[in-house]
Amino acid sequence: MNAPPKTEARPELTIRRTFDAPRSLVFRMWTDGEHLKRWCCPTGFTIPFSEGDIRPGGTFRTCMRSPQGEDNWLGGTYTEIVPDEKIVFTHAWQNEAGKSEHETVVTITLADTDDGKTRLTLHQAFFLSEASRDGHLGGWNETLNQLGRYLEQ
């Protein structure tokens, strides 16, 4: 008797958050470069360089500097944007020259809650390992904490 073929799990990540802000404002935080520079990185990191063309087919490239001064480059391409509802983009770590490593796809969806807040769902797939997924889980959670603090201002 033949055993069924083994399929390897392809790790993915889903995070849900609720923000006390209108959906249109949360969407603007993700699509306005001036806002993105102020919150879109883990706690303690800064963004010394960021450029992007936020439209389907547009690309972005960002440098996140760690508290220890290490530069972490990433880039990608926006594949879908539905105003106030959905943003889809590729995400890949890059070297300083712009050569990309493994690429994942990030999907941000926004929905109204019954009490006037915004429910954000972040989905990222597929990772090469569970360790990579777990590293992104920590980074995204810190980044979404930053977004929450920024929205409160």
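User: What does buried mean here?

Analyst: Buried means under 20% relative accessible area. This is a predicted model. Take Phe60. Its relative accessibility is 10%, so Phe60 counts as buried.

User: Where is Phe60 placed?

Analyst: Phe60 is in strand β3, which spans residues 59-65.

User: Which residues does Phe60 contact, leaving aside its neighbours within four places in sequence?

Analyst: Its contacts include Glu51, Gly52, Leu74 and Gly75. Tyr78, Phe89 and Thr90 are also among them.

User: How far apart are Phe60 and Phe89 in sequence and in space?

Analyst: They are 29 residues apart in sequence. In space, their C-alpha atoms are 9.3 Å apart.

User: Now the rings. How many aromatic pairs does a search of the whole structure find?

Analyst: The search finds six. To name the geometry, look at the angle between the planes: over 60 degrees counts as edge-to-face.

User: Is Phe89 buried or exposed?

Analyst: Buried. Phe89 has a relative accessible area of 7%. Phe89 also forms an aromatic pair with Tyr78. That pair is tilted, with 55° between the planes and 5.8 Å between the centres. Tyr78 sits in strand β4, residues 71-82, and Phe89 in strand β5, so this pair ties together parts eleven residues apart in sequence. Tyr78 is buried too, like Phe89.

User: Which residues do ring pairs link into a cluster?

Analyst: Trp30, Trp39 and Trp140.

User: Why does Gln124 count as buried?

Analyst: Use the cut-off again: under 20% is buried. Gln124 has 0% relative accessibility, so it counts as buried.

User: With which side chains does the side chain of Gln124 make polar contacts?

Analyst: Thr104 is one partner, at 2.7 Å. Trp140 is another, also through its side chain, at 2.7 Å. Residues up to four places away in sequence aside, Gln124 also touches others, including Glu12, Leu13, His91 and His136.

User: Which residue lies over the face of Phe126?

Analyst: Arg10 does, at 4.1 Å from the ring centre.

Notes: Residues numbered from 1 in each chain as written. Predicted model: local features only at pLDDT ≥ 70, side-chain atom pairs only at ≥ 80, totals over all residues. Heavy atoms only, no water. Buried < 20%, exposed > 50% of the residue type's maximum accessible area, 1.4 Å probe, protein only. Polar contact = N/O pair within 3.5 Å; in protein donor to acceptor, adjacent residues only side chain to side chain. Contact = heavy atoms within 4.5 Å. Helix = DSSP H or I, 4+ residues; strand = E, 2+ residues; numbered from the N terminus. Phe/Tyr/Trp six-rings, centres within 6.5 Å; stacked < 30°, edge-to-face > 60°. Lys NZ or Arg CZ within 6 Å of the ring centre and 35° of its normal.
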